[in-house]
Amino acid sequence: NPYGQTSFPLMFDATVSNIIGGQPILNVNLRGSTFLENGETINYFSQIFFSTNYYSNQYLLSSAHYVSYFDSKYQFELGNVGGLGAGTFGGGGRGATARYTINKQHRVGAFYTKAPRLFRVPSLESFGAIYQFDHTLGRLVSGFSRVINHKSQLRSNYASITSGINITTNQSITVMGILGLHNSTLSGNVFRRNGFESSLGYSGAFMENNRLRVGTSVTYASRFFSAYNAGEIWTANATGNFRINSKWNINSYNFYNKIENKISTTSSSTNYTLENYRTSLNAGTRFGDYFITPGLFYNINRINNNEYHSRGISASYGNYNFETNRLLSNTIMTGYNRTVGQRPLRDYFFLQYFFIFRYRTISANIRYNYGNITAINNASNTAKYPQNFGASVNYQYQFRNPYFILQNFFSYSYFNRFERHSLAYAPEMYYY
């Protein structure tokens, strides 16, 4: 405890804007945490948002509040909470969660929430529980949750099981399955729908000192895993990192996502399919405080029967010194994109540049875009090739009285398609 005794410090953070306007805005954040003598931790948080120049109880009723207590065996949370993870789904709102560690191998937990408020007739209600078993070979977590939407008269039940298995010291797999059961009793929209989601993941480290690290996962969600989603969803990714020596390493990233949906009306139905592939390969090196990261990328997007390709090179250069609080970063991405099937076939050039600088209490950034990084937007091109530029400077001024801080923010942006210029200055005064 940094205060030498049991205390509950409270940080007050308020942001005020449009003070002299007809509708001032005030955002108040109250937060803090304390550590008790036996290692227990208490955290608390509250956010209140005012948007009128007069007070109403509605502000307190619709604000966010949170209090938690943690020790070696018990964990309690009150206020705006969600589910417990591990395949449990919370409906949001206010409520409570509780976790209890029985011993080193067994843990249990439960939650209950109501929205919009806990002690009123709810529009949304949820509850659930989990059980966790830990072993030297891995971990097994099972859960159940129920979400009740009183307005739409929809009840959804979810049962899940997740298992992490250690194959060797440096290799593990994760398997997850969730079953969703939905029942709607709304007049004119009565249905029973069932779906599931499953995933499989693997991670491993190889060679001396784990120089090679790989990871991959695949997730599939069937039709009606979500009550109103009539299509399937596929997601997969694979990553790799190889450390050549103390200065050089190579990273690869591959991602695939496919979303199908069916939108039905009384007279017709429309099938919608979105696919996205992303792959990149980067090499990185450091010398002193400086770093250089060149790379290659190739992206493919498919929207129904339309296909778009984007490929190119990227590079980052800069340095960071923690002791002097200095950061310098330059990033450039450039290449070509095309719409497959377009006639005549045309490649569109694009370039993106980002610059970031920070030293002590001053920071600045510059961004410049030429063209569209994705070919999806090429169809909207006019004779004028799209370009936009933006720059900003942030400077923190401290008065002789250290309790006062003036934050100065300057920004400028330009978009050539509409010949639009924007200039802004936003000062903020802080009192600590």
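The model is predicted, and local features were considered at pLDDT of at least 70, side-chain atom pairs only at pLDDT 80 or more, while totals for chains, interfaces and linings use all residues. Residues are numbered from 1 along each chain as its sequence is written, and side-chain values use heavy atoms, with hydrogens and water left out.

Helices (H or I, at least four residues) and strands (E, at least two) were taken as DSSP runs numbered from the N terminus. Two strands were treated as paired if DSSP finds at least two bridges between them. Strand β1 (residues 11–17) runs antiparallel to strand β2 (residues 25–35), and seven bridges join them. In this pairing Thr15 is placed opposite Asn27 of β2. Strand β2 also pairs with strand β3 (residues 41–50), again in the antiparallel sense, over 10 bridges. Here Ser33 faces Asn43 of β3. Five residues separate β2 and β3, which form a hairpin, and Gly39 in the turn has a positive phi of about 95°.

Strand β12 (residues 189–206) contains Ser199. This residue is buried, with a relative accessible area of 17% (buried means under 20%, exposed over 50%, and partly exposed in between, with a 1.4 Å probe and protein chains only). Apart from neighbours within four places in sequence, Ser199 has contacts (heavy atoms within 4.5 Å) with Thr174, Val175, Met176, Val218 and Thr219.

A pair of aromatic rings is described by the distance of the centres and the angle of the planes. Rings of Phe, Tyr and Trp (its six-membered ring) were paired if their centres lie within 6.5 Å, with planes under 30 degrees apart counted as stacked, over 60 as edge-to-face and the rest as tilted. The count by this rule is 19 aromatic pairs. One of them is the stacked pair of Phe287 and Tyr290, at 5.9 Å centre to centre and 10° between the planes. Phe287 is partly exposed at 40% relative accessible area, and Tyr290 is partly exposed at 32%. Tyr336 and Phe349 form an edge-to-face pair, with 5.6 Å between the centres and 65° between the planes. Tyr336 lies in strand β19 (residues 326–340) and Phe349 in strand β20 (residues 348–359), so this pair ties together parts that are 13 residues apart in sequence. Elsewhere, ring pairs link Tyr74, Phe76 and Tyr100 into a cluster.

A charge was taken to sit over a ring if NZ of Lys or CZ of Arg is within 6 Å of the ring centre and within 35 degrees of the ring normal. The charged end of Arg193 is placed in this way over the ring of Phe191, 3.9 Å from its centre.

Eight salt bridges were found in the whole structure, each defined as a side-chain nitrogen of Lys or Arg within 4 Å of a carboxyl oxygen of Asp or Glu. Glu260 and Lys258 are joined by one of them, at 3.3 Å from N to O; Glu260 is partly exposed at 24% and Lys258 is partly exposed at 21%. Asp134 and Arg139 form another, at 2.5 Å, in which Asp134 is buried at 12% and Arg139 is partly exposed at 44%. In the salt bridge between Arg302 and Glu307, the closest N and O atoms are 2.8 Å apart. Arg302 is partly exposed at 23%, whereas Glu307 is buried at 19%.
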